[in-house]
Amino acid sequence: MIAGASTPAVETVGLRKTFGAKHAVDGIDLSIRRGSIFGLLGPNGAGKTTTVRLLATLLKPTAGTARVLGHDVAREPEAVRRRVSLTGQFASVDEDLTGRENLVLIARLLGHGGRDARARADELLAAFDLDDAAAKQVRTYSGGMRRRLDIAASLVTTPDLLFLDEPTTGLDPRSRNQVWEIVRLLVDNGTTVLLTTQYLEEADQLAERIAVIDHGRVIAEGTSATLKASVGTGVLHVRLADPADREAARALLAAELGGPIHLDADPAALTATVPDPARAAAAIAATGAAGIRVTDFSLGQPSLDEVFFALTGHPAEPSPDDESAAATAAGRS
Amino acid sequence: MAIDTQRRDVGAAIRAALKPRPQPKPAGTVSAVLTFGWRALLKIKHMPEQLFDVVVTPIMFTVLFTYLFGGALAGSTDAYLQYLLPGILVQSVVFTSVYSGLTLNTDISKGIYDRFRSMPVWSLSPVLGTMAGDVVRYTVSSLIVFAIGFLMGYEAATGILGIVAVILLLDLFAAGLSFIFTTLALLVRTPSTVMTLGWMVLMPLTFASNVFVDPATMPAWLQTVVAWNPVALLVTAARGLLDGTGSAALVAGSLVAPLVVTAVFGPVTMALYRRER
């Protein structure tokens, strides 16, 4: 640990990146504590991937500065690369090779000798429950296996900072839980993790602090508790047996919960923002007492859409051109 | 209970795998390039069919031209095969070098290049390593063409030494030439564009040459073109090495074009690869 363990793992000031006329990252200030998990939350095209690519030295900032583990990304990219690992949004493993060959490749590039590289690959394959598939081409792997291999490849030498770009997008719940477990173990081990996600639940489960980004800017930053306080603790979804009761149910819930009630596209469904879970239980009991039959109800966390709506007053609209597509186009045209 | 125990074990295995340990110094330039070359060889191992795609056309040409036109062009099919085979070798290796560009184009658009570029190794080593691995591809496609030739009755007057010398010469030529196609690969969007543009360059170069027929019967202007055509110079040098009429001057002459291409397109490839994506 050189450059002082007290400096933040990531510190950016006015970080900006433009592709042609598009401001992909439009002045981002971040400070990420060492040993923590930091979540970048936002819809497609918000600038999450571009931010990660700037911090991983794949892109050069148009303006502003970024220091990673005390090193300036523009002036000392080599020093940054020695101590970070990147698990990209799109599989950053070679589909044509086997799982084992992928890890041996990375280990050799990081300077392990032949025998040592193979031993390290086998150790990681076993730890990530991939030993049975070690000799199979990655193209035959399931989404969850591919993700685990991708993360294992980032850990061949334990990085001080790991970038995980949408690590669970497209994974089934079981694989998602495995990835979360791995991230927690990593941080116990002292690694700092910067993850991007479209799911508030994921950021809430893992991250110590969360920055919500939209159109290349941070629109809110804080702990998950402070963010949720600004949005409401949760959302109550109710589905009625008879759509004809919906108006009565709306009035009743509005009175019980004191907030606006949203009528869903489903004619029998309503959604309410809930300031306090205890009142949600009371509200459900009240509908029963009033003779309104409820077939289904759930108390959930606000979705990204609801967070966005609360923070910006407009829904999270993914821009038509996905940010990575825009980045590719800018590079190739 | 059982599940719970297993869960803890997985955690322990991951924890053990993450334990801090002395970390080696990242691979140096040469070792990184060789490692990427090894990756290219693994790809050939896992997808040998790619190699056959490239040699199918030359094999078809060898068979068709020998038996259809051989008698008319050279008096006998045997005599024509002796003339044609070195030309077909050149054609197949030169087309294989388009394939280098094509694979780079598909490869580079994948997420793995982001990982390579975020690693502490020389940033150009993935490209150079892939090109080094391609030399094996060139060698294998030469060997396939030789094998077909021998089956059809081809004989190399200079024996095994001549064959080895020709394969090395072709490897050098194709490695140099491939910088044109890696440049293309980094400029255009899709692999099929690389293929189309490659063919547009190579079809005239291989036909307006001495690959298939002796240029003596061509119009004077075309003879001038053939005399300067780098593919024709290579064919002459390769024929010489195989039938014993070769000379150092012919070999040197055939290597001028790939050297010029490397000097011009090598740096362009590097600059384009380093560009942000």
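**Close-up views of a predicted model**

View 1. The buried residues of α3(A) are A:G99, A:E101, A:N102, A:L103, A:V104, A:L105, A:I106, A:A107 and A:L109. After α3(A) comes A:G111, which has a positive phi near 105°.

**View 2. The open sheet of 4 strands in chain A.** The strands follow the order β2-β1-β4-β5 (chain A), and their pairing is antiparallel. At the edges stand β2 (22-32) and β5 (71-72) of chain A, each of which has a single partner strand, so one side of each is left without a neighbour in the sheet. Helix α1 (residues 48-55) of chain A lies across β1, β2 and β4 (63-68) of chain A, and its direction makes about 115° with β1(A).

**View 3. The hairpin of β1(A) and β2(A).** Strand β1 (residues 10-19) of chain A is joined to β2(A) by 8 bridges, the two strands running antiparallel. Among the paired residues, A:T12 has A:L30 of β2(A) as its bridge partner, while A:T18 is partnered by A:H23 of β2(A). The hairpin has 2 residues between its strands, and A:G20 takes a positive phi near 60° there.

**View 4. The open sheet of 6 strands in chain A.** Here the order is β6-β7-β8-β3-β9-β10 (chain A), and the pairing is mixed. The edges are taken by β6 (84-87) and β10 (217-222) of chain A, each with a single partner strand, so one side of each is left without a neighbour in the sheet. From one strand to the next, the twist averages 15°. Within this sheet, strand β3 (residues 37-41) and strand β9 (residues 209-214) of chain A run parallel and are joined by 4 bridges; in one of the pairings, A:F38 has A:R209 of β9(A) as its bridge partner. Helix α1(A) packs on the sheet, where it touches β3, β6, β7 (161-165), β8 (192-197) and β9 of chain A, and its direction makes about 155° with that of β8(A). Helix α6 (residues 173-188) of chain A lies across β3, β7 and β8 of chain A and runs at about 150° to β8(A).

**View 5. The crossing of helices α4 and α8 of chain B.** Helix α4 (residues 77-108) and helix α8 (residues 191-207) of chain B have axes that come within 9 Å of each other and cross at roughly 160°, which means that α4(B) is roughly antiparallel to α8(B). The crossing in which α4(B) passes α8(B) is right-handed. On the side of α4(B), the contact is made by B:Q91, B:V94, B:F95, B:V98, B:Y99, B:G101, B:L102, B:N105 and B:T106, and on the side of α8(B) by B:P191, B:V194, B:M195, B:G198, B:W199, B:L202, B:M203 and B:T206. Sorted by class, this contact of α4(B) with α8(B) comprises 11 nonpolar and 6 polar residues, with no charged residues.

Notes:
Residues numbered from 1 in each chain as written. Chains lettered and ligands numbered in written order. Predicted model: local features only at pLDDT ≥ 70, side-chain atom pairs only at ≥ 80, totals over all residues. Heavy atoms only, no water. Pairing = 2+ DSSP bridges. Contact = heavy atoms within 4.5 Å. Axes fitted to C-alpha atoms, helices over the stretch in contact; angles between N-to-C directions. Parallel < 35°, antiparallel > 145°, perpendicular 65-115°, else oblique. Left-handed = near helix turned anticlockwise from the far one by under 90°. Nonpolar A, V, L, I, M, F, W, Y, C, P; charged D, E, K, R; others polar. Buried < 20%, exposed > 50% of the residue type's maximum accessible area, 1.4 Å probe, protein only.
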